Amino acid sequence: MNREEATTKLKEIVKPYVKDQEAFDKLTENTDFITDLKINSANLVDIILDIEEAFGITIDNVSMEKMTNVTAALEIIETKLTEQ
Amino acid sequence: MIGNDVIDLSLATAESNWRRKGYLEKIFTPREQQFIKNSDNPDLTVWKLWSRKESAYKIFNRITGNRVYNPIRFECLDDSDLGIVCFENTLYFTQTQYTKNYIHTIATSLANDLNKIVYLENRMQIHKKNGIPYLELNPVSISNHGRFEKIVTLQTES
């Protein structure tokens, strides 16, 4: 899976939790899930669980700590996919 | 330093299913999971523990400027409305109030500061410096969720 495909998939996963639709439409690699997209921090857990299911990976807590924006999430997803 | 977190209980219930497989393990340590399991009202306990972690995290974030998503590392050492949260070697002191509609936890870096809490009715006179709210020189913590907003600060030393 290349980065573009992963980004599209990530966007679909994140979309239902987003409270700032405008920020979502302008999503870039620096977009922060909580401060830009206004995702409730309790829902970030749901996003991580959804990512695990969608990509078939497991995200340990140390990796989870870093997943606060789009690029970080994509990097971790890619790392976990290659580890398999 | 002060931090707070308010949770609108009906919104929280609508937004998050904490019973989802894998959910609790991502946020709560085994000790905290035991508090939830032993509770007469696990829904309330889940959100109380969460609000304590969030309010402690707010202090940590303000002091260090660090933004990381690691709720599990802020461990509630007890399940008490006057409780302690521990992150690495730092303790935060928490006070939790609740009604059937909301939970509100306030955290302070010093235990005695819990006696100096001032509730503000609105955002008048609050200014932001580097994104952090202040009332004159006193740090202010603001939290809102759903129908509720709570604004707190500490009494100035006289």
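Modeller: Let's start with a count: by class, the lining of the second largest pocket has 2 nonpolar, 2 polar and 6 charged residues. Keep in mind that this is a predicted model.

Colleague: Thanks! Which residues line the second largest pocket?

Modeller: From chain A come Leu49(A), Glu52(A), Glu53(A), Ile59(A), Asp60(A) and Asn61(A), and from chain B come Lys21(B), Gly22(B), Glu25(B) and Lys26(B). Two elements give two or more residues to this lining: α3 of chain A and α2 (23-27) of chain B. With 3 residues, α3(A) gives the most. The volume of the second largest pocket is about 160 Å³.

Colleague: And how much space lies in the largest pocket?

Modeller: There the figure is about 1300 Å³. The largest pocket is lined by 43 residues, and the closest to its centre are Ile34(A), Asp5(B), Glu54(B), Lys58(B) and Ile142(B). Sorted by class, that lining has 18 nonpolar, 14 polar and 11 charged residues.

Colleague: Let's turn to rings. How do I read an aromatic pair?

Modeller: Look at the distance between the ring centres and at the angle between the planes; planes over 60 degrees apart count as edge-to-face. Here the count comes to 7 aromatic pairs over all chains. Take Phe60(B) and Phe74(B): their planes are at 70° and their centres 5.7 Å apart, so this pair is edge-to-face.

Colleague: Where in chain B do Phe60(B) and Phe74(B) sit?

Modeller: Phe60(B) is in helix α4 (residues 42-64), and Phe74(B) is in the loop between α4 and β2 (75-76). They are 14 residues apart, and the pair links distant parts of the chain.

Colleague: Are Phe60(B) and Phe74(B) buried or exposed?

Modeller: Check the relative accessible area: under 20% means buried. Phe60(B) counts as buried because its value is 9%, and Phe74(B) counts as buried because its value is 1%.

Colleague: What kind of pair do Phe60(B) and Phe87(B) form?

Modeller: That pair is tilted, with 4.7 Å from centre to centre and 55° between the planes. Phe60(B) lies in helix α4 of chain B and Phe87(B) in strand β3 (residues 82-87) of chain B, so the pair ties together parts 27 residues apart in sequence. Phe87(B) is buried too, with a relative accessible area of 5%. Zoom out, and ring pairs link Tyr57(B), Phe60(B), Phe74(B), Phe87(B) and Tyr92(B) into a cluster.

Colleague: One last residue, please. Where does Gln95(B) lie, and what does Gln95(B) touch?

Modeller: You will find Gln95(B) in strand β4 (residues 90-98) of chain B. Gln95(B) counts as buried because its relative accessibility is 17%. Leaving out residues up to four places away in sequence, Gln95(B) touches Asp81(B), Leu82(B), His104(B), Thr105(B), Ile106(B), Leu114(B), Ile117(B) and Tyr119(B).

Technical notes: Residues are numbered from 1 along each chain as its sequence is written. Chains are lettered from A and ligands numbered from 1 in the order in which they are written. This is a predicted model: local features need pLDDT of at least 70, side-chain atom pairs count only at pLDDT 80 or more; totals for chains, interfaces and linings use all residues. Side-chain values use heavy atoms; hydrogens and water are left out. Rings of Phe, Tyr and Trp (its six-membered ring) pair if their centres lie within 6.5 Å; planes under 30 degrees apart count as stacked, over 60 as edge-to-face and the rest as tilted. Helices (H or I, at least four residues) and strands (E, at least two) are DSSP runs, numbered from the N terminus. Buried means under 20% relative accessible area, exposed over 50%, partly exposed in between (1.4 Å probe, protein chains only). On a 1 Å grid over the protein atoms alone, a cavity is a set of points where a 1.4 Å probe fits but cannot get out, and a pocket is an open set with protein on both sides within 12 Å along at least five of seven lines; lining residues have an atom within 4 Å of a point. Grid points are joined across faces, edges and corners, and a volume is the space filled by probe spheres set on the points. Ala, Val, Leu, Ile, Met, Phe, Trp, Tyr, Cys and Pro count as nonpolar, Asp, Glu, Lys and Arg as charged, and the others, Gly among them, as polar. Contact means heavy atoms within 4.5 Å.
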